[in-house]
Amino acid sequence: MSDRNEGWLCAGPRWSASGPALVWRHPRHGERLSPLSPDRPLAFTTGAARRCVGVRRAGRHTPCPTAETVPSSAVSAQCPECARLDRSHSVAADTIADDPRPYDLYLAWFAPGLIKVGITAAERKGTRLLEQAALSSALLARGPLMAARRAEAVLGAALAVPDRFPYAAKRAARHPVPPQERRTTDLARIHAQALALAALPESLTRHPFSPTHHDTAYHLDRIRPGQAVVELAPDRTVAGRVTAVAGPDVYLEATDGRPLLLDARKLAGWPLTAADPTAPTTAIARLGTAGPQDALF
């Protein structure tokens, strides 16, 4: 963790081929990562206020010009103005139409009855699925952005496959984790139905069914029942060891042995100082809570 006076702010979680990490940003020193590997100690104390993280686009970060405060419980760590600027050039918000990169059209399995369709830049090689905490996934097709976007809409209309779910529904399915055989069967059925649709754009290259399961990437076998969800607030300490990470959710074993769940999206914007790894957790942790502003994605 960083010294409070250095100006380092946590910018939330990030997945890559190397696994999950916390991102740190400094106005002069740039960006660094702290891996969230299993059994790694994680111990910090929050600062006095949570502030807007600004906008990151094409690998470059623009700080919030007014360093606006944001609510402790909010999933997003952006002020309304930075969020508006972010969405003004966003695939998710349909404000980009000329991106020349190829895009993947995929199916993501989160729980029985919860399968969504989505698109992601092919160069990300499935990282988007890990960010979303999909338990399993399957590539449907690859091609131009707008064709992939049209196909996403076709699947929603023809097969009633949505493009988002309440996050709490995804979280609830991880323990006990449904068997891979069930996930494979569900994905195979919708994959076949999707590729049989005549309305899919011809510019997309169809892909044969080949499921990917993310149990090992998340270390799902290490998740314990009865996790208490951490609620962050100023000058509160969280201390423990990482047991598993699924999407933005960091599972911890607290120093007193309690299983905790920390939504790392809500760490973004906080100045965090290192705490003693053996310190007690003073942040409130509640059983069975998902937070008032859990995102749909």
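**Note on the predicted model: strands, helices and overall form**

1. Strands β7 and β8 form a hairpin with two residues between them, and Gly 113 in the turn has a positive phi of about 85°. Helices (H or I, at least four residues) and strands (E, at least two) are DSSP runs, numbered from the N terminus. Two strands count as paired if DSSP finds at least two bridges between them.

2. The model is predicted, so local features need pLDDT of at least 70 and side-chain atom pairs count only at pLDDT 80 or more, while totals for chains, interfaces and linings use all residues. Residues are numbered from 1 along each chain as its sequence is written, and side-chain values use heavy atoms, with hydrogens and water left out.

3. The secondary structure of the protein chain comes to six helices and 17 strands. Along the principal axes, the C-alpha atoms of the protein chain fill a box of roughly 60 × 45 × 30 Å. A compact globule of 297 residues would have a radius of gyration near 19 Å, and the 20 Å of the protein chain agrees with that. The radius of gyration is taken over C-alpha atoms, and the globule rule is 2.2 Å times the number of residues to the power 0.38.

4. Of the 297 residues in the protein chain, 49% are buried. Buried means under 20% relative accessible area, exposed over 50%, and partly exposed in between (1.4 Å probe, protein chains only). Among contacts (heavy atoms within 4.5 Å) between residues at least 6 apart in sequence, 70% join residues at least 24 apart.

5. On the β9 side, Leu 105 stands opposite Ala 141.

6. In β7 (residues 103-111), nine of nine residues are buried. In β8, eight of the eight residues are buried, so this strand is largely enclosed by the rest of the structure. In a regular strand the side chains alternate between the two faces of the sheet. Leu 114, Lys 116, Gly 118 and Thr 120 point one way from β8, Ile 115, Val 117, Ile 119 and Ala 121 point the other way, and all are buried.

7. Helix α5 (residues 180-195) has 16 residues, which at 1.5 Å a residue should span 22 Å; its end C-alpha atoms are 22 Å apart, in agreement. The expected span of a helix is 1.5 Å times one less than its number of residues. The buried residues of α5 are Arg 183, Asp 186, Leu 187, Ile 190, His 191 and Ala 194. They cover an arc of only 130° around the axis, which puts them on the same side of α5; the arc is that of the directions from the helix axis to the C-beta atoms. The face turned away from this buried side carries the exposed residues Glu 181 and Thr 185. What covers the buried residues of α5 includes β7, β8, β9, α3 (145-159), β11 (212-213) and α6 (215-218).

8. Helix α3 passes the length check too: 15 residues should span 21 Å, and the end C-alpha atoms are 21 Å apart. Buried in α3 are Leu 145, Ala 147, Ala 148, Arg 149, Ala 151, Glu 152, Val 154 and Leu 155. Their cover includes β7, β8, β9 and α5. Just after α3, Ala 160 takes a positive phi of about 60°.

9. Three strands form an open antiparallel sheet in the order β1-β2-β3. The edge strands, each pairing on one side only, are β1 (9-16) and β3 (30-35). The twist averages 30° from one strand to the next, where axes are lines fitted to C-alpha atoms (for helices over the stretch in contact) and angles run from 0 to 180 degrees between N-to-C directions. Six bridges join β2 (residues 19-26) to β3, and Val 23 stands opposite Leu 33.

10. An open sheet of seven strands has mixed pairing and the order β16-β4-β13-β14-β15-β12-β17. Its edge strands are β16 (272-274) and β17 (284-287), each pairing on one side only. The twist here averages 45° from one strand to the next. Strand β12 (residues 228-231) and β17 run antiparallel and are joined by four bridges; Ala 228 has Leu 287 of β17 as its bridge partner.
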